[in-house]
Amino acid sequence: MSQSHPRISKAVIPAAGLGTRFLPATKATPKEMLPVVDKPAIQYVVEEAVAAGLDDVLMVTGRNKRPLEDHFDRNYELESALEKKGDGERLAKVQESSDLATMHYVRQGDPKGLGHAVLCAAPHVGDEPFAVLLGDDLIDPRDPLLQRMIEVQQEHGGSVVALMEVAPEQIHLYGSAAVEAIEDADVVRLSGLVEKPSREEAPSHYAIIGRYVLDPAVFDVLSKTEPGRGGEIQLTDALQQLAADATLGGPVHGVIFQGRRYDTGDRGDYLRAIVRLACEREDLGPDFRTWLQRFVTEEMQQR
């Protein structure tokens, strides 16, 4: 029988990372502002939160991240110039980002890990369940993962993580979960979590990807969590404690995701994400696909 749990309205987006894999592009530009076709990656993430009904967004930022705030703020000079030119189409695109959600910002003074970044959100979130969205994972809007996770949290309480089955040789790149089947085919209960295990130590091939719906009890656990892998406070370690003892803040469930995910945290995957999204755009896709096919079949064969 389903239970009633507090409605989720807040999303937290950790965005304090240095983006070292994309240097020198990220020397002066936040990695979250790198364009994916013609929108910065971070805007896709905010749009996903809003589509799931989360219109209160807290971004956890760091030094040199001011462009994130500027992007979601009004730019009256640019808007005025576009309005005077009668360029309504571009004006609407500029205004879209500032009208998406109620945006809030907090600084993560020291880069102490994802768990610490989430803990920085405690004063804003308070005693409510909330979502965490990592900017490196873009989820196709046709595959409403976050909505499904919210449904599971509303039914079962506790916390919910997104899981994706990966090849054994890739599991060391992710957190890994030990899972137990329940009545729903796409939902499992987690009995354990390990941050970036070796292939031999991984409890399963189910990797944790960058979407979470968390019970506020996680804040108390994080405040007592010692630094783990990499000397950082790991969110995975806190979730392991919640999974091991449901009395701390309810159970931990996982939603198995089999939809379209674009990984922008790696240079190669970032390029593949741009190509895939550009191919699917109505305005760009037809011409771009034609060029791409010719490039692959003709020009690449000559090299």
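Is Lys224 buried or exposed? I looked this up before anything else. Lys224 is exposed, with a relative accessible area of 59%; I took exposed as over 50%, buried as under 20% and partly exposed as in between, with a 1.4 Å probe and protein chains only.

**Entry: the model.** I noted that this is a predicted model, in which local features need pLDDT of at least 70 and side-chain atom pairs count only at pLDDT 80 or more, while totals for chains, interfaces and linings use all residues. Residues are numbered from 1 along each chain as its sequence is written, and side-chain values use heavy atoms, with hydrogens and water left out.

**Entry: salt bridges.** I applied one criterion: a side-chain nitrogen of Lys or Arg within 4 Å of a carboxyl oxygen of Asp or Glu. The count came to 19 salt bridges.

I then returned to Lys224. Its salt-bridge partner is Asp220, with the closest N and O atoms 3.3 Å apart. Asp220 is partly exposed, at a relative accessible area of 43%.

Next I examined Arg211 and Glu48, whose side chains form a salt bridge at 2.7 Å, N to O. Arg211 belongs to strand β11 (residues 206-214) and Glu48 to helix α1 (residues 41-51), so that the pair links distant parts of the chain, 163 residues apart. I used DSSP runs for these elements, numbered from the N terminus: helices are H or I of at least four residues, strands E of at least two. Both Arg211 and Glu48 are buried.

I also looked up Arg260 and Asp143, which meet in a salt bridge at 2.8 Å, N to O. Because Arg260 sits in the loop between β12 (252-256) and β13 (261-263) and Asp143 in the loop between β7 (137-139) and α7 (145-156), the pair ties together parts 117 residues apart in sequence. Arg260 is partly exposed at 29% relative accessible area, whereas Asp143 is buried at 16%.

Finally, I recorded a network of salt bridges that links Arg21, Lys31 and Asp136.

**Entry: cavity.** I searched a 1 Å grid over the protein atoms alone for sets of points where a 1.4 Å probe fits but cannot get out. Grid points were joined across faces, edges and corners, and volume is the space filled by probe spheres set on the points. The structure holds one cavity of 30 Å³ or more, and the largest cavity contains about 70 Å³ of space.

Which residues line the largest cavity? With lining defined as an atom within 4 Å of a point, I found Phe22, Lys31, Glu32, Leu34, Ala41, Gly135, Asp136, Thr264 and Tyr270.

Notes
On a 1 Å grid over the protein atoms alone, a cavity is a set of points where a 1.4 Å probe fits but cannot get out, and a pocket is an open set with protein on both sides within 12 Å along at least five of seven lines; lining residues have an atom within 4 Å of a point.
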